[in-house]
Amino acid sequence: MKIPFVTFIPLEKELDQEIRAAFERVYTRSWYIEGEEDKAFEKAFAEFCGVKYAVGTGNGLDALMLALKALGIGPGDEVIVPSNTFIATVLAVTYVGAVPVLVEPDIKTFNIDPSLIEEKITPATKAIMPVHLYGQACDMDPIMEIAKKHGLYVVEDCAQAHGATYKGRKVGTFGDVAGFSFYPGKNLGALGDAGAVITNSEETAGLVRAYGNYGSDYKYHHVYKGNNSRLDELQAAFLSAKLPVLDKVNEDRRRIASIYLEGIKNEKIVLPFVREDCVPVWHIFAVRCKERDLLEKHLGDLGIGTNKHYPTPIHLQECYKDLGLKEGDLRIAEEISATELSLPLYYGMTDEQIQYVIDSVNSF
């Protein structure tokens, strides 16, 4: 049996008419930037998240970068980020001229360990950027307490966690501002690059919009040295077609994950840990195995697609040599990078496919 790591076909078949109608609406209007589709999606996504404002952006990296700019974070500032995350989180800090300060994760949840944050705070620290990695919420209460104690902003990276909750409250609603990615592979994915910033601050939302529109508050009037990062009408229309089924998509991902958690019984495999106060959306089903590469080959030989998130930690990437960190400095991130393997998990997986993955993992 051949099982891809991910496929969009089941959802695309269900939404074929809605997606085609979205294209037709935009094409017929002949209006492609900052139009009615953008406004409609921003309003609907803000309501879905439970905040007052959403501002569309060109992609998830820009969403985080614009959020930082809107908070006035720049050269001379430090931002605390997890050592185990996709590089976009850290690049956003770099792009505004600030310095990323890496903090190790809890190896059980893969998310930033709140107990390690305070020791990294300096007079230059301006914000904490927790990442709700793989679709599971961070432990936000202690993070918010630390931020309040030290007068720091909190910028949530929700790129992988659309609809995930912590203590009954959706991610993105705890901090000052949050960034989302709608890359096609996300739980809520566009048909290209797209992103959004959400916040309850009218001022922050206005600054994000201005910074993403060449620093302009109205046409040809430029208040800031901005960027060009706007959610185009086509992607907004596609996202509006998909948003109404996001809860169903997330529930199906939880169904698959629960079967995996129950069925995988191999002592070589460390299964994902789920906090009792969190409801994950399972963007990634990440297991750990000391023989990860052999497991990857074993599954590949059986026709099962897998992925590694992320095989080289940020502090060992060539582009971040300037952080002055070496192998052994961030051992938990390095351990995760060396042992993590992501199993197939996508909307519409059949029971037969799920069981084949389970049997294949158990036979390793």
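Mentor: A pocket is an open set of grid points with protein on both sides within 12 Å along at least five of seven lines. Keep that in mind as we go through this structure, which is a predicted model.

Trainee: How much space lies in the largest pocket, and which residues lie nearest its centre?

Mentor: The largest pocket holds about 620 Å³ of space. Its lining is made up of 30 residues, and those nearest the centre are Phe86, Gln160, Tyr183, Lys186 and His283. By class, the lining has 16 nonpolar, ten polar and four charged residues.

Trainee: Which element supplies the largest share of that lining?

Mentor: Helix α4 does, with three residues. Both α4 (60–70) and α5 (87–95) give at least two residues to the lining of the largest pocket.

Trainee: What is found at the two ends of α4?

Mentor: At its start, a side-chain oxygen of Asn59 comes to within 3.2 Å of the backbone nitrogen of Leu61. Just after the helix, Gly72 has a positive phi of about 80 degrees.

Trainee: What is the volume of the second largest pocket, and what lines it?

Mentor: Its volume is about 280 Å³. It is lined by 15 residues, with Glu34, Arg209, Asn213, Ser216 and Asp217 closest to the centre. Two or more lining residues come from each of α3 (36–49), α7 (202–211) and β10 (216–218). The lining divides into five nonpolar, four polar and six charged residues.

Trainee: Which residues lie nearest the centre of the second largest cavity?

Mentor: They are Tyr134, Gln136, Pro272, Phe273 and Trp282, out of 13 lining residues. The space comes to about 100 Å³, and the lining has nine nonpolar, three polar and one charged residues.

Trainee: What is the phi of Tyr134, and where is Tyr134 found?

Mentor: Its phi is near 60 degrees, which is positive in a residue other than glycine. Tyr134 sits in the loop between β4 (125–128) and α6, and it is buried, at 4% relative accessible area. Tyr220 is in the loop between β10 and β11 (221–222) and is exposed, with a relative accessible area of 70%.

Trainee: Where is there a cis peptide bond?

Mentor: Between His309 and Tyr310, where omega is about 0 degrees. Tyr310 belongs to the loop between α10 (292–301) and α11 (331–339).

Trainee: Which residues touch the most other members of the largest nonpolar core?

Mentor: In soluble globular proteins, nonpolar side chains tend to be buried together. The largest core here has 43 residues, and Phe41, Phe45, Ile117 and Phe182 touch the most other members. Elements giving two or more residues include β3 (99–103), α6 (140–150) and α8 (233–242). The most, five residues, come from α3.

Trainee: In what order do the three strands of the open sheet lie?

Mentor: The order is β7-β6-β12, with antiparallel pairing. Strands β7 (169–170) and β12 (278–279) are at the edges with a single partner strand each, so one side of each has no neighbour in the sheet. Between β6 (residues 165–166) and β12 there are two bridges, and Thr165 stands opposite Val279.

Trainee: Are the faces of strand β14 covered or open?

Mentor: Both are covered: Glu340 and Ser342 are buried on one side, Leu341 and Leu343 on the other. Strand β14 pairs with β13 (residues 285–288) in the antiparallel sense over four bridges, and Ser342 has Ala286 opposite.

Methods: Residues are numbered from 1 along each chain as its sequence is written. Side-chain values use heavy atoms; hydrogens and water are left out. Two strands pair if DSSP finds at least two bridges between them. Buried means under 20% relative accessible area, exposed over 50%, partly exposed in between (1.4 Å probe, protein chains only). On a 1 Å grid over the protein atoms alone, a cavity is a set of points where a 1.4 Å probe fits but cannot get out, and a pocket is an open set with protein on both sides within 12 Å along at least five of seven lines; lining residues have an atom within 4 Å of a point. Grid points are joined across faces, edges and corners, and a volume is the space filled by probe spheres set on the points. Ala, Val, Leu, Ile, Met, Phe, Trp, Tyr, Cys and Pro count as nonpolar, Asp, Glu, Lys and Arg as charged, and the others, Gly among them, as polar. A polar contact is a pair of N or O atoms within 3.5 Å; within protein, one must be able to donate a hydrogen and the other to accept it, and residues adjacent in sequence count only if both atoms are side-chain atoms. A nonpolar core is a set of buried Ala, Val, Leu, Ile, Met, Phe, Trp, Tyr and Cys residues joined through side-chain atoms within 4.5 Å.
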